[in-house]
Amino acid sequence: MKYSLLAIICAFLVSCSSGPEKDFSLINEIQITDYIKTNKLEATKCESGLYYTVDEAGEGAQPTSASTVQVAYKGYYLNGEVFDESSERGISFPLKGVIRGWTEGITYFKEGGKGTLLVPAHLGYGNYDTRGIPGGSVLIFDVHLISVKK
């Protein structure tokens, strides 16, 4: 009886689950490539699925994923709605402590460099709503790498 009840409870919990987690990779890829085409951007695609543009290459040090950097940025959705923005002085943080799209993307710039990161959900905040950002969202960041502190 004890095991039958446990089996029934387990079956109930499994049947009430929300099903398999949604994979936004293909959806995000289409959204990003459409955005690039519509905005006539020349973007580079990385193996991870991250896209980036370099508007100004910069001339200083180039960070690694272990660096601490100072970056001025504006973050927005595909529709242009801004969800976060730093001051022109930027903010300082270790690249190991941010979303994967930043940890990878900022390393493509040198000090003084400016450009845009187009971050699919799997390199951003994933499939679930986080800090007001809807799950599955493509995030776009205009970035200015001010300094690198190795």
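Q: In this predicted model, why does W102 count as buried?
A: The relative accessibility of W102 is 5%. Buried means under 20%. The value for W102 falls under that cut-off, so W102 counts as buried.

Q: What makes F141 buried or exposed?
A: F141 has a relative accessible area of 5%. The limit for buried is under 20%. F141 is therefore buried.

Q: Why is the pair of W102 and F141 called edge-to-face?
A: The structure holds 8 aromatic pairs. In the pair of W102 and F141, the ring centres are 5.1 Å apart and the planes stand at 85°. Rings pair if their centres lie within 6.5 Å, and planes over 60 degrees apart count as edge-to-face. Both conditions hold, so this is an edge-to-face pair.

Q: Which parts of the chain does the pair link?
A: W102 lies in helix α3 (residues 100-105), and F141 lies in strand β7 (residues 139-149).

Q: Why does S67 count as buried?
A: S67 has 2% relative accessibility. Under 20% means buried, so S67 counts as buried.

Q: Where is S67, and what does S67 touch?
A: S67 sits in the loop between β2 (51-56) and β3 (68-76). Leaving out residues up to four places away in sequence, S67 touches F93, P94, L95, V148, K149 and K150.

Q: What makes the approach of the S67 side chain to the backbone nitrogen of T64 a polar contact?
A: The distance is 2.9 Å. The cut-off is within 3.5 Å.

Conventions: Residues numbered from 1 in each chain as written. Predicted model: local features only at pLDDT ≥ 70, side-chain atom pairs only at ≥ 80, totals over all residues. Heavy atoms only, no water. Helix = DSSP H or I, 4+ residues; strand = E, 2+ residues; numbered from the N terminus. Buried < 20%, exposed > 50% of the residue type's maximum accessible area, 1.4 Å probe, protein only. Polar contact = N/O pair within 3.5 Å; in protein donor to acceptor, adjacent residues only side chain to side chain. Contact = heavy atoms within 4.5 Å. Phe/Tyr/Trp six-rings, centres within 6.5 Å; stacked < 30°, edge-to-face > 60°.
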